[in-house]
Amino acid sequence: ESVLFRQRADGLWGSAADELAATARALRTLVAAGINSGHALHGAPIKKAIEALCQLAEAGARSPELADALRAALTAAAGARTQARVTAALTLAGGI
């Protein structure tokens with residue numbers, strides 16, 4: 001999946017100006033292609049993106065864009081622990 005090659009080292013996509021929207025789009029594209037954090041081959045980059053988004057929320061970041069990216073991350077999260085972590089981060093970010 002070519003979108004995976006555009007992921008930054010920090011786990012997000014896009015430039016600093018649009019990283020949350022770009023990450024949300026990338027995660028939705030990957031989920032539509034059947035790729036989530038439990039995918040045998042491509043799950044690790046998804047997990048990295050989820051981790052980066054959760055860390056932003058846990059560090060106190062709040063914005064509609066972060067909440068939207070976390071909602072996209074929730075659709076990409078496989079497994080109860082990952083889903084619970086994203087849900088908690090989404091609550092912190094004001095998205096729930």
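Colleague: Which residues does Thr87 touch, not counting residues up to four places away in sequence?
Modeller: The model is predicted: local features need pLDDT of at least 70, side-chain atom pairs count only at pLDDT 80 or more, and totals for chains, interfaces and linings use all residues. Numbering starts from 1 along each chain as its sequence is written, and side-chain values use heavy atoms, with hydrogens and water left out. Contact means heavy atoms within 4.5 Å. Leaving out residues up to four places away in sequence, Thr87 touches Leu74 and Ile96.

Colleague: Is Thr87 buried, partly exposed or exposed?
Modeller: Thr87 is found in helix α5. Buried means under 20% relative accessible area, exposed over 50%, and partly exposed in between (1.4 Å probe, protein chains only). Thr87 has a relative accessible area of 30%, so Thr87 is partly exposed.

Colleague: And Thr23, buried or exposed?
Modeller: Thr23 is found in helix α2, residues 19-32. Its contacts, not counting residues up to four places away in sequence, are Leu12, Trp13 and Leu53. Relative accessibility is 0%, so Thr23 counts as buried.

Colleague: How many helices and strands does the chain have?
Modeller: Both are DSSP runs numbered from the N terminus: helices are H or I with at least four residues, strands E with at least two. From the N terminus on, the elements run α-α-α-α-α. The count is 5 helices and 0 strands.

Colleague: What is the radius of gyration of the chain?
Modeller: The radius is taken over C-alpha atoms, and the globule rule is 2.2 Å times the number of residues to the power 0.38. For 96 residues the rule gives 12 Å, and the chain comes close to that, so it is as compact as a globular protein of that length. Its radius of gyration is 12 Å.

Colleague: At what angle do α3 and α5 pack?
Modeller: Two packed helices are described by the angle between their axes and the distance between the axes. Axes are lines fitted to C-alpha atoms, for helices over the stretch in contact, and angles run from 0 to 180 degrees between N-to-C directions. Helix α3 spans residues 43-58 and helix α5 residues 80-92, with axes 8 Å apart. Their packing angle is about 35°.

Colleague: Which residues of α5 make the contact with α3?
Modeller: From α3 come Ile50, Glu51, Cys54, Gln55, Ala57 and Glu58. The partners in α5 are Thr82, Arg85, Val86, Ala89 and Leu92.
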